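Have the viewer ready and click along.

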Amino acid sequence: MAKTVLVINAGSSSIKYQLVDLGSGEALASGLVEKIGEPIDGHYKHEYKGEKHELEEPIKTHADGLKRVLGFFKEYGPDLQESGIVAVGHRVVQGGSVFPQPALVNAKTIQQVKDLAVLAPLHNGPEATGAEVMEQLLPDVPQIFVFDSSFFFQLPKEASTYALNKEVAEKYKIRRYGAHGTSHEYIGSVVPGVVGKPAEGLKQIVLHIGNGASASAQISGRPIDTSMGLTPLEGLVMGGRTGDIDPAAVFHLIRNAHMNVDEIDELFNKKSGMTGMTGYGDMREVDRLISEGNEDAILAMDIYIHRIVGYIGNYTAQMGGVDVITFTAGVGENDNNVRARVCERLAPFGVKLDKAKNDARSKEPRIISTPDSSVIIAVIPTNEELAIAHKADKIATEGKDSYGNVFKK
């Protein structure tokens, strides 16, 4: 019999979902719920066997949205029970130091996820709510939290510890937690097979570049460093986030612009990055502006590439070399210009890109460097949903997690 896992990714006003077939690794069905709790009509999209079903209606709460989603499965397919559903996996951005591993959903773990919202205020609350609702809607199916921060909980202390007053750091749990960990772990595990090299001793840099962007350094599949920090704000330039910035900019804006904490939070997380510099967070629009000679867009792209190359140099030095650099996520998988510009900057170190392979559109894992390149350059589509599904299935099969929580029907 087939085995499937329903993967839920709940945001503050949206829900993404995917029913993953554990046998084939394919998505049997997927969908999106948007504009939850907004004064305008919400939007649903459910896709199964190539057919798209869409609906516009008010969506007051996440519970309303998820009830409608389960209705779509009954009406348009596939039937969840007939598909062999064994678990629901919930993506959670921040597990802090509480959750180095996935956890079964129960009243205690839901509250813990809510408490950790202080480290991810835009994400953890809705993610806990989504699990709470699904636990009620599918009470006989194990619900599992899978944390984005778990992979980077393994970071060496020299990489995870800030040079902050020790007492303050310990009291307020301030350390580098990272994000996109599920994606970085998945890509790191796939790379050896794609490039034909043993995982043991393999030095790799993974560039997860989308609207949110992060880099990681890995040796033998274990994380050595990552660009995101206490929150997803730190690191690379992103669609709406600044990435690395002098923390004293906060003091400056408070004293001189008389901005409050919430205003600065929104400025740094939503109104900066490519959006703040060009007016667009979508890299396709930025590319269009560049083709038109827009100087703001040209500078923004220069900054974007500069930051990526800087992290590659940093991580190469930290690892004592690099064997593979992998591009993944929306921009990494689809923007050949970004890939080309990054590799052009690395050319003095022997990195050689195969232009035809880089320019070709493909959804398959592939190597885009030449055989004589000093570093293998790869493009591998990420599949966080599949990784979450496998982690959820493991706990559902065992009926317990590593914290002593047991699933009871």
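The points below go through a cavity and then a pocket.

1. First, a reminder: this is a predicted model. Everything here is computed from it.

2. Rolling a probe the size of a water molecule over the atoms shows where empty space is left. For this model, the count comes to one cavity of 30 Å³ or more. The volume of the largest cavity is about 40 Å³.

3. Which residues line the largest cavity? Select Pro102, Val146, Phe147, Ser150, Phe151, Thr182, Glu185 and Lys391 and you have its lining. Sorted by class, that makes four nonpolar residues, two polar and two charged.

4. To find your way to the largest cavity, look for strand S8 (143-147) and helix H6 (181-195), as each of them supplies at least two residues of the lining.

5. Now for the second largest pocket, with a volume of about 1,100 Å³. Its lining runs to 31 residues, and Leu230, Thr231, Leu233, Val250 and Phe268 are the ones that lie nearest the centre.

6. Which elements give two or more residues to the lining of this second largest pocket? They are helix H7 (248-256) and helix H8 (261-270). H8 gives the most, with five residues.

Technical notes: Residues numbered from 1 in each chain as written. Predicted model: local features only at pLDDT ≥ 70, side-chain atom pairs only at ≥ 80, totals over all residues. Heavy atoms only, no water. 1 Å grid on protein atoms, 1.4 Å probe; cavity = no way out; pocket = protein on both sides within 12 Å on 5 of 7 lines; lining within 4 Å. Points joined across faces, edges and corners; volume = space filled by probe spheres on them. Helix = DSSP H or I, 4+ residues; strand = E, 2+ residues; numbered from the N terminus. Nonpolar A, V, L, I, M, F, W, Y, C, P; charged D, E, K, R; others polar.
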